[in-house]
Amino acid sequence: MRALAAVNRYFLKYRWLLLLGTLFVILSNIFKALSPGVIGDALDLLIRQLQTYQQLTDEAAKAELRSDVLSGTGRLTLYYLALALGNGLFLFLMRQTLIIMSRHIEYDQKNELFAHYQKLTPAFYKRHNTGDLMNRVAEDVGRVRMYVGPALMYFLNTITLFILVIWAMLKVNPRLTFFVLLPLPVLSVSIYFVNNLIEKRSERIQRQLSKLTSVAQEIFSGIRVIKAYAQEEENSRYFEEQTDIYKDRSLSLARVDAMFQPLMVLLIGLSTLLVVFVGGFEVIQGRLTAGNVAAFIIYVNMLTWPVASLGWVVSIVQRAAVSQRRINEFLQTQPDISSTIPDQGIISGNLEFSHVTFTYPDSGIRALEDISFHIKAGQRVAIIGRTGSGKTTIADLLLRLYEPDSGKIRLGGRPVQDYSLHDLRASIGYVPQDVFLFGDSIQNNIRFGLPDEQQARVEDYAKAAGIHDEIDSFRQGYDTLVGERGVTLSGGQKQRISIARALIKDAPLVVLDDCLSAVDAATEQQILDHLTGMLEKKTALIITHRLSAMEQYDQIILLNEHHIAATGTHAELLRTSAEYREMTEASRKGELI
Ligand SMILES: Nc1ncnc2c1ncn2[C@@H]1O[C@H](COP(=O)(O)OP(=O)(O)O)[C@@H](O)[C@H]1O
Ligand SMILES: [Mg+2]
């Protein structure tokens, strides 16, 4: 329960809505609690007048009495109507304030959580799966909203109505009040249990449903492989098994659900029965009027729903507490990497790694060991090495997606930690190895982060990345949608679009991680030639798998098993490194290194 204290600051933020809402709850219940008395009065009036009427013989007196009854009941009817209208009006205002407050809180909480997510590093995203993260934003926040909205509203409602109704009942007859209240705790407790059972079973259904969804999703995205291996029947059988589980769970929920209504009706009926029975005795003994008993029956019915909702409120609060605890866990996760340094602008200058060592925290793999190199501003440098030698990790550390265990990375003469994260990343045009395009148009993917960029510039950079002609050949050109709703691009096309995206940023440092692995060697060379102009005044770090045209680089860094095996120009490495000679030889023969 302590977890829920975290939402108190929202109550404080929306305290006016909360106070106003509470006031409306009280007002609406005052109107409500007054109305049964009116019915009782009307009934008593009618019974009394009827008895008098039957004793009258004079026609004129009878007529007078009739009009008396009419005006008396008419007045009471109007009074009752006024009470109902007052009740309705404030009920409306109560929802308008309290439920609206809960939607505001939901909105704030979602945004806060999302903003926090974006601060967390890739290491965090490795530890949690996407579904789990989505649940926090969608389901857990929703459950907390049930607490700050409906549960709070029903709770306030129950408490005020309870006090008012019991006060009204005690005024009429304490003895009857006692008997009437007897079954209510039973009602509340049993609703709590039934509701918990319903929630538990719904949750099991929900879990099975999301399993079903992901099974179907995987089958759909792997449909080519499934067809190629003729696995349709096996898949259908598996899917049927899963839907079978889903059906069983749904049926078990339906059974409990079916119990809910009858249980309510039974317990309400029991209360009503007690009122009639005990109330009847009191009437016979002259301590109560028939109108009092009628009013009591209405009171009982008025109380049952709110009392039943108490059980419901308790289970909502419990659930919200669990959800809020999970939300708190995430909000309290500090980003491994953050900066408090103010933004100062784009950084340029020399890049230096000195004695950098890094181990991936989750796998314990030492990816880099004592890496040192120096790149002058404006140089074009290649990083080469076999798969797994640590090339991508160098880019990750440079972008501060991870922090080195030891050693320093300097840019423009200062450690990268001395800049704001925003400045650092704005100064690097980065093409990651696993390219990612958003489900948007091609042009928006290229001008990502620069929404005001002119179409002409988008096309210039697409030309530089050697993708313009292909985009042009699509029916919708640059407006072609990418991804699920749009075209399926080849790996090479995606890579080149993502190169255009990195270049248009016009950052002084460009890092291309194996960004042409999916195009053939000739195209690669063509693109690199194009890029030469674009990269002229920039520092370029090109991670590559292919040893072609290595003469064009000012420096080559050869990685081997997380170490630097050699650095130098092409000519120098040919002289000094046997490994480099081997690799050049192999790639000349067309083998991959
Ligand atoms: N996110 C990660 N978590 C754990 N280990 C990783 C991660 N990324 C890479 N590694 C490991 O670190 C080593 C270096 O990987 P990487 O830098 O991707 O090599 P390269 O880019 O040269 O192929 C590899 O052994 C790889 O298995
Ligand atoms: Mg790599």
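Guide: Gladly! Axes are lines fitted to C-alpha atoms, for helices over the stretch in contact, and angles run from 0 to 180 degrees between N-to-C directions. Helix H9 (residues 232-284) and H10 pack at about 155°, their axes 9 Å apart. This is a predicted model: local features need pLDDT of at least 70, side-chain atom pairs count only at pLDDT 80 or more, and totals for chains, interfaces and linings use all residues. Residues are numbered from 1 along each chain as its sequence is written.

Visitor: What makes H9 roughly antiparallel to H10?

Guide: Angles over 145 degrees count as roughly antiparallel. H9 and H10 pack at about 155°, and H9 is therefore roughly antiparallel to H10.

Visitor: Which residues in H9 meet H10?

Guide: Contact means heavy atoms within 4.5 Å. Among those in H9 are Met264, Ile268 and Val275, while Phe296, Ile297 and Trp305 are among their partners in H10. The contact divides into 12 nonpolar, five polar and no charged residues; here Ala, Val, Leu, Ile, Met, Phe, Trp, Tyr, Cys and Pro count as nonpolar, Asp, Glu, Lys and Arg as charged, and the others, Gly among them, as polar.

Visitor: Why are H2 and H10 called roughly antiparallel?

Guide: Helix H2 (residues 15-55) and helix H10 (residues 290-331) pack at about 155°, with axes 7 Å apart, so H2 and H10 are roughly antiparallel to each other. Lys32, Asp44 and Ile47 are among the H2 residues that meet H10, where Tyr299 and Met302 are included. By class, this contact of H2 with H10 has 11 nonpolar, five polar and two charged residues.

How values were computed. Chains are lettered from A and ligands numbered from 1 in the order in which they are written. Side-chain values use heavy atoms; hydrogens and water are left out. Helices (H or I, at least four residues) and strands (E, at least two) are DSSP runs, numbered from the N terminus. Angles under 35 degrees count as roughly parallel, over 145 as roughly antiparallel, 65 to 115 as roughly perpendicular and the rest as oblique.
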